Amino acid sequence: MTEFANRMDGITGSAIRELFKLLSNPEIISFGGGNPAKESFPVSDVTKIVNDLLTEKGEAILQYGPTEGYMPLKQAYTEHILRPKGLDANADELLVLSGSSQGLDILAKIFTNPGETILVEAPTFLGALQAFRMYQANIVTVENDSNGINLESLERLMRELKPKLFYCISTFQNPSGGTLPLEKRKKVAELAEKYDVIVIEDDPYCDLRYTGEVLPTIKQFDKSGHVIMLNSFSKILSPGIRVGMAFGNKEIIRKMTIAKQSADTHTSNLSQAIAAEFLSRGLLPKHLERINKFYAERLNTMVNGMKKHFPKECKYTIPEGGLFIWCEMPEGTKMLDIWKEATSKYNVAFIPGKHFYPTAEGHENTFRLNFSMETPERIEAGIEALGKLLQKYVK
Ligand SMILES: Cc1ncc(COP(=O)(O)O)c(C=O)c1O
């Protein structure tokens, strides 16, 4: 068989894909994925929008569009998403993406030569690790302290390794659920400028907030154009439409646009127009209110169940939003073994945490729970079953 390119060496993608296969088995109560709840999708609003769009501007929508993105979406995004957060953008500082994952791919492509360093949090989003590996980047983790990344570690790595990129999920991190505190956000922007490192601030979960105060983004402290913010419509509207946005320095956006051109020419016009109409018709605030209410209920149900059924040796933090709870069993616990028993005998699934680290060794005692996809009744039953199994392993 013809040899694959070197960049595919060691890229299997299989471990977690196997886990995801279980999601389609209705017997299994799944805390494994990260999908939005199917009940969250505003199907009737989108049906009406699609009808109106095709009736009113069908010919334009079915034609090719500009790589830079559909202008009404950029305008609506600026007005309804950026300005309420205290940010503002010109059209040439925005690039519409086919999901924010495309931004990760493009940024790694335009900035990293093989062997160059990308700093990441530990743990971090698996999709980002996969994208960075494809460009043969040297992926290095920043150490943590009690509330997110350790800034001394970040500064030392920036100074010593001269990375091109630092990838950071600032709010309701996937998989840890954590949120980077305000002071650290400021400092990350300062360090990026000082050491000339591009920060990718990936922020798809910030609008899924159930408690606590909204924090300014890292981008808001960016005086030098070193922060590229990625947003997504996947968790607030629909992942199936594949619409995301990059916001940053216009020179970088220009280079990203060139790279996107050869990847997919442009993001689907219909998808972009759906997102634009959803925003400009003022539907987002009510929609978020509705989905945040039921996600909060699911989170509370899960946490209450964990308090009741999990062994006290299992440590976890309760997130203020997002879709995940990160758990740590005592050192030496092998969550992969527990996962096998959980899925085969207890009909409950989660993701063992080791998959969220760039190296295969260690972190075997950690796991991620997702609370968005199951009803409160099934969450209660699944957490009770998982608790019983975990109790067995600590004894
Ligand atoms: C941190 C993070 N970034 C990006 C994505 C991908 O989002 P999109 O569907 O916009 O590509 C996800 C999806 O789970 C995510 O958790």
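Visitor: How far apart do the C-alpha centres of domain 1 and domain 2 lie?

Guide: Domain bounds come from an automatic or database domain assignment. Here the chain is divided into domain 1 (6-30 + 286-394) and domain 2 (43-283), and their C-alpha centres lie 26 Å apart. This is a predicted model, in which local features need pLDDT of at least 70, side-chain atom pairs count only at pLDDT 80 or more, and totals for chains, interfaces and linings use all residues. Residues are numbered from 1 along each chain as its sequence is written, and side-chain values use heavy atoms, with hydrogens and water left out.

Visitor: How many residues of domain 1 are in contact with domain 2?

Guide: Contact means heavy atoms within 4.5 Å. In this model, 29 residues of domain 1 are in contact with 31 residues of domain 2.

Visitor: Which residues have the most contacts inside the largest nonpolar core?

Guide: A nonpolar core is a set of buried Ala, Val, Leu, Ile, Met, Phe, Trp, Tyr and Cys residues joined through side-chain atoms within 4.5 Å. Buried means under 20% relative accessible area, exposed over 50%, and partly exposed in between (1.4 Å probe, protein chains only). The largest core has 66 residues, and Leu-73, Phe-367 and Leu-369 have the most contacts inside it. Helix H10 (residues 284-309) gives the most to this core, with 10 residues; helices (H or I, at least four residues) and strands (E, at least two) are DSSP runs, numbered from the N terminus. Domain 1 and domain 2 each supply at least three residues to this core.

Visitor: Which residues of helix H3 are buried?

Guide: An α-helix has 3.6 residues a turn, so residues three or four places apart point the same way. In H3 (residues 71-82), the buried residues are Leu-73, Lys-74, Ala-76, Tyr-77, Thr-78, Ile-81 and Leu-82. Their cover includes strand E2 (94-97), strand E9 (227-232) and H10.

Visitor: Where is the cis peptide bond that involves Pro-123?

Guide: This bond joins Ala-122 and Pro-123, with omega about 0°. Pro-123 is found in the loop between strand E3 (117-120) and helix H5 (126-134). The peptide bond from Asn-174 to Pro-175 is also cis, with omega near 15°.

Visitor: What is the phi of Gln-136, and where does Gln-136 lie?

Guide: Gln-136 is not a glycine, yet its phi is positive, at about 55°. Gln-136 lies in the loop between H5 and strand E4 (138-141) and is partly exposed, with a relative accessible area of 32%.
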